[in-house]
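Biologist: I keep hearing labels for residues and pairs of residues, and I'd like to know what backs them up. Could you walk me through a few?

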Amino acid sequence: MKMITKRGIFLWILCALFLIGIGFLTYSLVTEGANWVMKPYNHHVFSNGQLVAAGDVKDVNGVVLSSTEDGERVYNEDLDTRLATLHAVGDPMGFISTGAQTAFESQLVGYNIATGVYSIERYGSGNDVTLTIDSEINKIAYNALGDLKGTIAVANYKTGDIVCMVSTPSYDVNKMPSDLESNDKYEGVYINRFLTGLYTPGSTFKLVTSISALENIGSDVYNRTWNCDKVLEVDSVEEDNIICNASHGKLDFETALAKSCNSAYAELAIELGGEKLAKTVDGLGLTTPVVFDDNIKSSKGRFYLKGGEPATTVGWTGIGQGDTLVSPAAMLQLMCAIANDGNAVSFNLVEGFSDKAGKTLGIDFKQSSTPLMSADTASQMKTLMRNNVETQYGDGNYKGLNLCAKSGTAQIDNVDAHNTAWFVGFMDDPENPYAFVVVVKKGNSGSKTAGPMANKVLQAIVND
């Protein structure tokens with residue numbers, strides 16, 4: 001009888017352990033099932049390290065940018081489309097981590113706990129995704145960049161939809177160059193410069209210094225004047241002098257920004273001090289990643305002032321030189337906020353997902369609106385940036401766009417040919433609420449190199 005009792009207890013223990021094990025496996029399946037499916041050794045999903053089970057990736061107009069056919073990943077038949085959308089779509093091996101095929105691979109495969117990867121067995125691939133980008137606009141941006149390395153991006157500042165996102169250099173995924181890893185022509189080819197590139201902002205940073213002045217000095221800044229004779233002596237050390245791009249003479253706040261006067265803005269930055277500038281930079285989101293569609297984020301910007309730095313360091317920083325680094329995505333977010341009454345709407349690359357039967361799937365990403373500045377500050381910045389175009393860049397060069405903008409030419413190695421060219425801004429037009437950023441490495445001049453590129457893309461959007 002005792003033996004039967006012991007055996008009974010032992011069986012109860014085994015049953016309990018079995019149930020615990022089943023519970024653990026069920027929990028693991030629910031929480032980790034998607035990760036297990038996406039392992040490279042799963043031949044239902046991957047082949048030779050390439051994701052082959054994903055559904056179609058389409059642009060906003062339904063143009064198929066990549067798809068799965070007969071167990072292989074294929075891309076749009078047009079070469080320019082492949083080149084212009086590479087960094088938005090992604091490469092077959094997943095080296096471009098911010099591409100849709102990698103960032104949303106589990107959604108594209110279509111795994112769910114109830115049916116597993118049934119859609120792959122039935123249709124040969126998983127779910128489809130429609131992106132917010134327009135492949136035709138991307139092609140125009142790609143061709144505008146030409147052989148130069150850089151990025152062009154455009155977003156709807158009311159909805160956050162990314163209309164254009166191009167990074168160069170690119171390469172043809174249908175015919176991978178044999179020297180892709182060794183030729184300087186392809187340097188940084190796996191980098192999406194819009195998201196993960198970090199660049200010295202040059203004079204575009206004067207927008208940040210302007211915002212800091214409006215927030216800390218207030219309306220009195222409009223009563224200030226500065227005198228520029230090209231050389232600003234910060235202290236008794238000649239090497240610390242800040243050199244302007246011209247002798248501007250007497251300037252007020254609005255004219256100083258329009259003429260991008262280094263002397264005036266260095267003095268303004270020194271007056272504000274490193275601590276106030278740093279607070280403004282952080283408040284504008286320039287040192288934090290820009291996150292959109294939950295799965296994609298940009299690099300963090302870098303700003304080193306904290307307060308107490310030498311005046312010459314603060315002065316150079318206030319005009320966008322020095323050690324400051326900014327991601328184009330963060331700068332575009334700032335442009336959207338200025339255009340949208342101080343609020344930055346979160347960016348979207350994905351318009352929606354659907355299964356192979358065409359049914360829309362309820363896969364939603366978090367949407368948010370973040371106030372980066374007051375509506376009053378945004379309104380004043382809009383007026384200042386509009387004045388830049390009217391008095392300096394020329395409305396005739398941007399016909400019909402009602403453009404508000406700022407150029408930047410970041411000096412690298414003190415060699416003009418090595419300058420990083422910037423052009424940022426937005427259209428103050430309720431019918432065309434688009435903000436943009438253009439960054440070109442070794443672009444020489446922001447207004448002369450990056451500005452015309454922005455115009456080509458924006459004109460195509462408006463006149464499509």
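This is a predicted model: local features need pLDDT of at least 70, side-chain atom pairs count only at pLDDT 80 or more; totals for chains, interfaces and linings use all residues.

Biologist: What makes Lys149 and Glu187 a salt bridge?

Modeller: The cut-off is 4 Å between a side-chain nitrogen of Lys or Arg and a carboxyl oxygen of Asp or Glu. Lys149 and Glu187 come in at 3.2 Å, so the pair counts as a salt bridge. Lys149 sits in the loop between H6 and strand S7 (150-156), while Glu187 is in the loop between strand S8 (162-168) and helix H7 (193-196), so the bridge ties together parts that are 38 residues apart in sequence.

Biologist: Why is Glu187 called partly exposed?

Modeller: Its relative accessible area is 36%. Buried would need under 20% and exposed over 50%, so Glu187 lands in between.

Biologist: And Lys139, is that one buried or exposed?

Modeller: Buried: Lys139 has a relative accessible area of 16%, and the limit for that label is under 20%.

Biologist: Which residue does Lys139 form a salt bridge with, and how far apart are the closest N and O atoms?

Modeller: The partner is Asp78, with those atoms 3.2 Å apart. Lys139 belongs to helix H6 (residues 135-145) and Asp78 to the loop between strand S5 (72-75) and helix H2 (79-89), so this pair links parts 61 residues apart in sequence. Asp78 itself is partly exposed, at 29% relative accessibility. There's a network here too: salt bridges link Asp78, Glu136 and Lys139.

Biologist: How many salt bridges does the structure hold?

Modeller: It holds 10. Another one of them joins Asp220 and Arg224.

Biologist: How do you know that Asp220 and Arg224 form a salt bridge?

Modeller: Their closest N and O atoms are 3.3 Å apart, and the cut-off is 4 Å, so they pass. Asp220 has 36% relative accessibility and Arg224 has 24%, so both count as partly exposed.

Biologist: Now Asp235. Where is it, and what is Asp235 in contact with, leaving aside its neighbours within four places in sequence?

Modeller: Asp235 is in the loop between strand S10 (231-232) and strand S11 (242-243). With those neighbours left aside, it is in contact with Asp240 and Asn241. Asp235 is partly exposed, at 33%. Thr312 is 77 residues away from Asp235 in sequence, yet their C-alpha atoms are 7.8 Å apart in space.

Key. Residues are numbered from 1 along each chain as its sequence is written. Side-chain values use heavy atoms; hydrogens and water are left out. Helices (H or I, at least four residues) and strands (E, at least two) are DSSP runs, numbered from the N terminus. Buried means under 20% relative accessible area, exposed over 50%, partly exposed in between (1.4 Å probe, protein chains only). Contact means heavy atoms within 4.5 Å.
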